[in-house]
Amino acid sequence: YALHGGDIVMARRGEVGRVALVTKAEQGWLCGTGSFVLRFSKEICRDYLVVVFRCGSIREYLAGEAVGTTMVNLNHGILKKMPFGAPPLAEQHRIVAKVDELMALCDQLEQQQTHSIAAHQTLVETLLDNGQRARNVEQTRITLADGLASYRKAVLRAFNDIEVLLHGQSPDIAMGVDAKKK
């Protein structure tokens with residue numbers, strides 16, 4: 001089938017209910033037997049039909065009515081029996097406008113959520129980085145304190161060694177002897 005702008009192409013095998021609106025850019029393309037080409041009168045808004053076919057209830061109906069065991073298939077009889085009511089054309093346009101408005105809002109919310117997730121990820125990474133820095137600072141403080149204690153011990157040993165050289169005995173020993181005398 002040669003496609004015309006305003007046609008709706010619907011998958012008839014596999015994931016039933018998938019639809020696409022043919023635009024002027026696709027006019028003249030050919031459609032094979034794996035899809036239906038749906039043409040409607042001017043009293044039906046094509047965008048409204050796309051909204052209808054994407055509804056969960058319609059997709060459930062089509063999936064429930066599809067035939068076949070290996071791969072489900074739709075046929076013309078199933079489409080002709082599909083429960084479908086079309087409001088007046090003006091109402092169809094209002095419904096499409098409202099759906100478009102709600103979809104735009106969903107897109108904005110999704111974008112905000114994406115930005116929020118990115119900001120949250122940056123915050124977590126910064127906090128973890130700062131936490132690691134804090135742990136590094138604490139480890140450095142402990143290392144410096146241990147080094148200072150070792151330095152003090154070394155200075156005291158050196159002082160003891162100097163006292164022994166100068167006086168012949170360690171101040172620690174001398175203090176111990178003096179303490180015993182008292």
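**Notebook: fold, core, charges, cysteines**

I read the elements from the N terminus first: they run β-β-β-α-α-α-α-α. That comes to 5 helices and 3 strands. I note that this is a predicted model.

**Overall numbers.** I looked up burial for the chain. Of its 182 residues, 20% count as buried. The accessible surface comes to about 13400 Å², and 60% of this belongs to carbon and sulfur atoms. I then took the contacts between residues at least 6 apart in sequence; 58% of them join residues at least 24 apart.

**Core.** Which residues touch the most other members of the largest nonpolar core? I find Met-10, Leu-38, Phe-53, Leu-62 and Leu-74, out of 22 residues in this core. The elements giving two or more residues are β1 (8-11), β3 (35-38), α1 (46-53), α2 (56-65) and α3 (76-81). Helix α1 gives the largest share, 5 residues. Leaving out residues up to four places away in sequence, Leu-62 touches Met-10, Val-16, Gly-17, Phe-53, Leu-74, Ile-78, Leu-79 and Met-82.

**Salt bridges.** I get 4 in the structure.

- Arg-59 and Glu-15 meet through their side chains at 2.7 Å, N to O. This pair links distant parts of the chain: Arg-59 sits in helix α2, Glu-15 in the loop between β1 and β2 (19-21), and 44 residues separate them. Arg-59 is partly exposed at 25% relative accessible area, and Glu-15 is partly exposed at 48%.
- Arg-94 pairs with Glu-91, the closest N and O atoms being 2.8 Å apart. Both are in helix α4, 3 residues apart, so about one helical turn separates them. Arg-94 is exposed at 52%; Glu-91 is partly exposed at 30%.
- Glu-101 pairs with Lys-98, with closest N and O atoms 3.6 Å apart. These two also lie in helix α4, 3 residues or about one turn apart. Glu-101 is partly exposed at 47%, and Lys-98 is partly exposed at 44%.

**Surface patch.** Leu-102, Leu-105 and Leu-109 make a nonpolar surface patch of about 260 Å². Leu-102 belongs to helix α4 (residues 89-167). Its relative accessibility is 43%, so Leu-102 counts as partly exposed.

**Cysteines.** How many disulfides does a search of the whole structure find? I get 0. Cys-106 is partly exposed, with a relative accessible area of 42%.

Methods:
Residues are numbered from 1 along each chain as its sequence is written. This is a predicted model: local features need pLDDT of at least 70, side-chain atom pairs count only at pLDDT 80 or more; totals for chains, interfaces and linings use all residues. Side-chain values use heavy atoms; hydrogens and water are left out. A nonpolar core is a set of buried Ala, Val, Leu, Ile, Met, Phe, Trp, Tyr and Cys residues joined through side-chain atoms within 4.5 Å. Buried means under 20% relative accessible area, exposed over 50%, partly exposed in between (1.4 Å probe, protein chains only). Helices (H or I, at least four residues) and strands (E, at least two) are DSSP runs, numbered from the N terminus. Contact means heavy atoms within 4.5 Å. A disulfide is a pair of cysteine sulfur atoms within 2.5 Å. Patches are made of residues with over 30% relative accessible area and no salt bridge: like charges are joined within 9 Å, nonpolar side chains (Val, Leu, Ile, Met, Phe, Trp, Tyr) within 5 Å. Accessible areas come from the Shrake-Rupley method with a 1.4 Å probe; for residues, only the protein chains shown count as cover.
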